[in-house]
Amino acid sequence: MNVNAERYDAIPAASRKRRWGPRMWPYLFALPFVLTYAAFQLYPILYSFVLSLHDWNGIGAKTYIGFKNYVQLWTNDPLFIKSLWNTLLMMLMFIPLTLILGLTLAYWTFQLTRGKRFFQTINVLPYITTPVAIGFIFSYMFDWQTGLVNLLLTKFGILEEGFYWLQDPWGSRAIIALMVIWRNLGYFMIIFMAGMTVIPQDVYEAAKVDGSTGLHTFLRITMPLLRNITVFLVVTSMIGGLQLFDEPKLLYGGWSGSAQVGGPDNTALTMIWKFVDESFISNTRFGYASAIAYSLFLLIVLFSVISYRLTAPKEDKR
Amino acid sequence: MKALMWICLVIISLLSLFPFYIMTVMGTHYNEDLFKGIPIFPGSYLQENLKTVLKADFLHVYGNSLIVSVVSVVLATLTSTLIGYAVAKFEFKGRKWLQTFVILTMMVPTQVGLIGYIIEMRHLGVGNTLWPVILIWAAFPFGAFFMIQFMRDSIPNDLLECARIDGCSEPGIFVRIVLPIMKPGLATLATLVFLWSWNNYLLPLVTINKSEWYTLPIFISNLGIVHRTDYAARMAALTMTTIPVLILFILGSKTFMKGLTAGAVKG
């Protein structure tokens with residue numbers, strides 16, 4: 001390459017084009033991604049922002065109204081606030097539980113000498129299942145009359161008669177959280193296990209020499225060393241959790257055939273559900289719905305920054 | 001202690017498998033029997049259920065889903081591999097900037113632009129077809145990030161230099177040297193994209209409302225609503241939907257897990 005560069009001046013203009021060749025390639029290679037991203041993701045995102053400043057139903061004329069959509073959304077739409085509250089509540093239910101269960105499961109499986117891959121594979125199966133299937137299965141299992149859960153509970157005399165799981169405000173949220181946990185547990189487990197493989201074995205040996213055993217080793221060595229992985233899982237599941245939609249929608253919209261929006265008294269309405277409902281199902285308020293999407297985006301940025309901030313300083317000390 | 005651990009592991013694994021089992025078993029019963037009790041053992045109504053499903057144009061929808069997933073996989077892996085190669089293996093002006101760009105794109109949720117995307121698709125005249133569900137995968141930020149990391153670790157710079165000195169053209173190097181080395185990475189990314197596009201529910205839900213273009217998730221959630229809600233048939237259809245992904249997963253469970261964990265361990 002250097003040789004080429006030295007001779008560069010001596011080359012007549014005609015072949016200078018060929019010299020530009022090698023330097024052009026990386027740009028050409030990067031081009032398809034950049035172009036398709038700009039066309040199918042960046043442009044829609046910017047366009048949505050423009051829409052969020054308009055009052056538009058998708059057909060008629062757009063009216064520019066500035067930030068009125070946002071003001072309306074945050075000060076005068078109790079249903080939006082409720083959907084935000086619901087989403088946060090469900091996240092509070094499933095993120096800590098999935099973390100704890102996933103870590104325990106990973107720790108146990110990691111210690112196995114045989115059958116590691118077997119348990120891993122089985123527990124990841126829910127993660128690869130179609131959300132539609134998960135929605136149907138859970139609404140069947142928790143059905144008031146014929147559901148498996150009620151049948152078992154009444155059979156063993158825990159309940160006198162079936163509990164109306166899907167029509168109870170807290171029941172509905174808990175079931176959605178359960179669906180998310182069931183789906184993601186295996187994923188959390190393999191991520192934690194991947195983190196454990198990276199921890200060098202001699203750290204454990206040193207601990208053993210110092211007389212640390214079992215639970216102590218787990219709490220004092222494994223867990224602190226898995227810090228980065230945990231941060232990754234918390235941040236990504238917060239981002240994913242704020243976008244919760246498939247589970248609640250399929251729990252209520254799929255199985256029963258009725259298109260009940262939001263579950264009982266809207267207690268299962270998440271922000272994305274509200275967004276989709278406002279723009280494509282009950283309404284076509286594209287401007288207003290875009291404002292919901294952007295508010296969600298801001299929340300996601302805010303949550304990511306906060307969770308990075310909470311964890312970053314401690315990392316610097318180490 | 002060890003025994004307790006095993007018991008817990010087995011119970012949790014059974015809980016993971018149980019819904020699958022129920023799904024498969026429900027597909028083999030007569031619909032109205034489902035509500036008489038818990039279907040624990042397989043029934044004998046599978047054939048009839050399959051008939052109901054097939055009569056509802058299941059194969060056509062299956063084809064749609066396959067087209068969507070296969071084309072998405074090709075598009076996503078192609079653009080991701082190319083940009084991955086550029087960022088990981090070339091020194092050029094704007095390389096740092098491109099890398100930051102990829103990481104930023106990874107953090108923007110697709111839903112933010114959903115409305116704009118759909119309006120754009122309508123303007124392009126492909127609003128109610130399979131295209132919107134496919135094109136969203138044309139630029140897949142996670143894929144690009146994954147490929148940058150993978151290229152960096154697995155392709156020796158010397159090899160590329162040698163090929164250049166031997167007079168191999170840049171596209172030639174990419175096709176003859178880079179792609180063969182990248183096979184495991186390509187397989188991982190392809191499985192992931194296949195899985196995610198196959199299971200995608202939100203996007204087809206809001207873009208496709210012609211039954212001719214339904215993909216599997218949308219088709220099943222609408223199956224048998226017209227005359228009577230046939231849960232058993234739905235379950236049979238769901239089982240058939242899950243099976244290809246299941247096979248893919250079990251065949252490539254090793255590469256698959258590698259793909260899932262790729263982003264995490266590096267942080």
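User: Before we start, what are the ground rules?

Analyst: The model is predicted, so to speak of local features takes pLDDT of at least 70, side-chain atom pairs count only at pLDDT 80 or more, and totals for chains, interfaces and linings use all residues. Residues are numbered from 1 along each chain as its sequence is written, and chains are lettered from A and ligands numbered from 1 in the order in which they are written.

User: Why is A:Asn266 called partly exposed?

Analyst: Buried takes 20 or more other C-beta atoms within 10 Å of the residue's own, exposed means 12 or fewer, and partly exposed is in between, with C-beta atoms placed from the backbone. A:Asn266 has 18 C-beta neighbours inside 10 Å, so it counts as partly exposed. You'll find A:Asn266 in the loop between helix H12 (246–253) and helix H13 (271–281) of chain A; helices here are DSSP runs of H or I with at least four residues, strands are E runs of at least two, and both are numbered from the N terminus.

User: What makes the phi of A:Asn266 worth a look?

Analyst: Most residues other than glycine have a negative phi. The phi of A:Asn266 is near 60 degrees, a positive value in a residue other than glycine.

User: How do you know that the buried residues of H9(B) line one face?

Analyst: B:Ile173, B:Phe174 and B:Val178 are buried in H9(B). Seen down the axis, the buried residues fall within an arc of 95 degrees, so they line one face of the helix; the arc is that of the directions from the helix axis to the C-beta atoms. On the other side of H9(B), B:Gly172, B:Val175, B:Arg176 and B:Pro180 are exposed.

User: What covers the buried residues of H9(B)?

Analyst: The cover includes helix H3 (58–89) and helix H8 (157–165) of chain B. Contact means that the C-beta atoms of two residues, placed from the backbone, lie within 7 Å.

User: What makes the span of H9(B) close to the expected one?

Analyst: The expected span is 1.5 Å times one less than the number of residues. H9(B), residues 170–181, has 12 residues and reaches 16 Å from its first C-alpha to its last, close to the 16 Å expected.

User: How many residues of each chain are in contact with the other?

Analyst: 67 residues of chain B are in contact with 67 residues of chain A. On the chain B side, helix H1 (residues 2–26) gives the largest share, 11 residues.
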